[in-house]
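Please read them with the structure open.

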Amino acid sequence: MSVEPPSSGRPTGPPSGPLSGPSQPPSGPPSPPPGGSGGTPSQPPRTPWWKSAPRLAVLAAAIVAAVVLAVVLSRSGDGSGSGGELFAQSADKTGPDPFTESTAKDSSAPPATLSASPATGSASANVVRRVDGAAAGLYGGTRNVSSCDVEKQIKALGADPAKNRAFASVEGIAPSRVPAYLRSLTPVQLRLDTRVTNHGYRNGAATTYQAVLQTGTAVLVDGRGVPRVRCACGNPLTPPVALTSTPKLRGDGWPSYRSSNMITVTPAPRTIDVFVLYDVDHGGWIARHRGDTGHHDRRTHAPAKPSPSVSASTATPPSTPSSSSACASSPGADDGSTPCPQTSTAPSTAVPSTEPPSSEPVTSPPDTVPPESPESSAASPAL
């Protein structure tokens, strides 16, 4: 059978030799793409910096570091530290950032006479005058009358869970324990201008600032005699921070204010079963059981040393207390049966902020000092 080539004359297989065209690569630069300007070839489009994952991570880390640094600096320089401002708070005023409305029933008490009174003038800022929480006559009251409405305080905090949590976080107790805790405290009145760390409530958290409470202020004290609640505002109280320099005094002013007459309360060495109070209305002495609101008050004899004894010591910067000293002043030790709270457990998610309350500078009191009693005149200076 014969096979005739196709009539078109085209080959039916691949060519036997190389393709037509130059066998060597071009010696010049490649020609620009069609439509180009003939200049430098265009670069690929750049990714915006904010879409770059590594740069975004670095930026986020920088923001977090700045926030942490701001918090640390604000806590180290506020009124809760060893310097800064000291807020004077009169007995009958609510004051800034109250937790609740006033639950105080009485805010008046004659001042006590110190058994060791310093010479006239201001005491050095690095000297702390301490009074034992169990001292007879340190506090006052009215027989069969509570200086604070404890049940009203419980109801006010219970109506606002956020405030209740913030209050509990300051006192180092669980929020559910607040009612029982408040009922375990004893209502009394201060008889000396007293230094404390006060805690207001602002923007959903507890604030912290150093304060001096005027004589006559209604407070609730724990089983070691340490003030724990200021009744005029419902604010929780804790022991004061030592001042190592002269603070800037702000807030209220009263004529009898003297830094030399200001004291701090140290926890009694053991739980106090009965407080010996000066009866501010009748001029006598009463015995009030711990945790009682005055219903079971009874008259008692005047103590042998009715004026609180005062000691002086040089202030030191705040330090971490030992487990025994923390237990002595902790709320859990008030009734002598509840163990001290665990120090490693965070009390609450409500973290106290460190913004001090805003107030005007204190008006300087008149430069007059009441005459000293024979007892205080004979005593040696405490400072």
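1. The model contains an open sheet of 12 strands with mixed pairing, in the order β12-β1-β8-β5-β11-β10-β9-β4-β3-β14-β15-β16. Strands β12 (248–251) and β16 (298–299) stand at the edges; each has a single partner strand, so one side of each is left without a neighbour in the sheet. Two strands are taken to pair if DSSP finds at least two bridges between them. Helices (H or I, at least four residues) and strands (E, at least two) are DSSP runs, numbered from the N terminus.

2. This is a predicted model, in which local features need pLDDT of at least 70 and side-chain atom pairs count only at pLDDT 80 or more, while totals for chains, interfaces and linings use all residues. Residues are numbered from 1 along each chain as its sequence is written, and side-chain values use heavy atoms, with hydrogens and water left out.

3. Within the sheet, strands β5 (residues 194–198) and β8 (residues 209–213) run antiparallel and are joined by 5 bridges. Val-196 has Ala-211 in β8 as its bridge partner.

4. Helix α3 (residues 161–171) lies across β10 (227–230) and β11 (235–238), and runs at about 10 degrees to β11. Axes are lines fitted to C-alpha atoms, for helices over the stretch in contact, with angles from 0 to 180 degrees between N-to-C directions; contact means heavy atoms within 4.5 Å.

5. How many salt bridges does the structure hold? There are 9, a salt bridge being a side-chain nitrogen of Lys or Arg within 4 Å of a carboxyl oxygen of Asp or Glu. One of them joins Glu-85 to Arg-250, with the closest N and O atoms 2.6 Å apart. Glu-85 lies in strand β1 (residues 85–89) and Arg-250 in strand β12, so this pair ties together parts that are 165 residues apart in sequence. Arg-250 counts as buried because its relative accessibility is 17%; buried means under 20% relative accessible area, exposed over 50%, and partly exposed in between (1.4 Å probe, protein chains only).

6. Arg-228 and Glu-171 also meet through their side chains in a salt bridge, at 4.0 Å from N to O. Here too distant parts of the chain are linked, with Arg-228 in strand β10 and Glu-171 in helix α3, 57 residues apart. Both Arg-228 and Glu-171 are buried.

7. A salt bridge between the side chains of Asp-222 and Arg-228 has an N to O distance of 2.9 Å.
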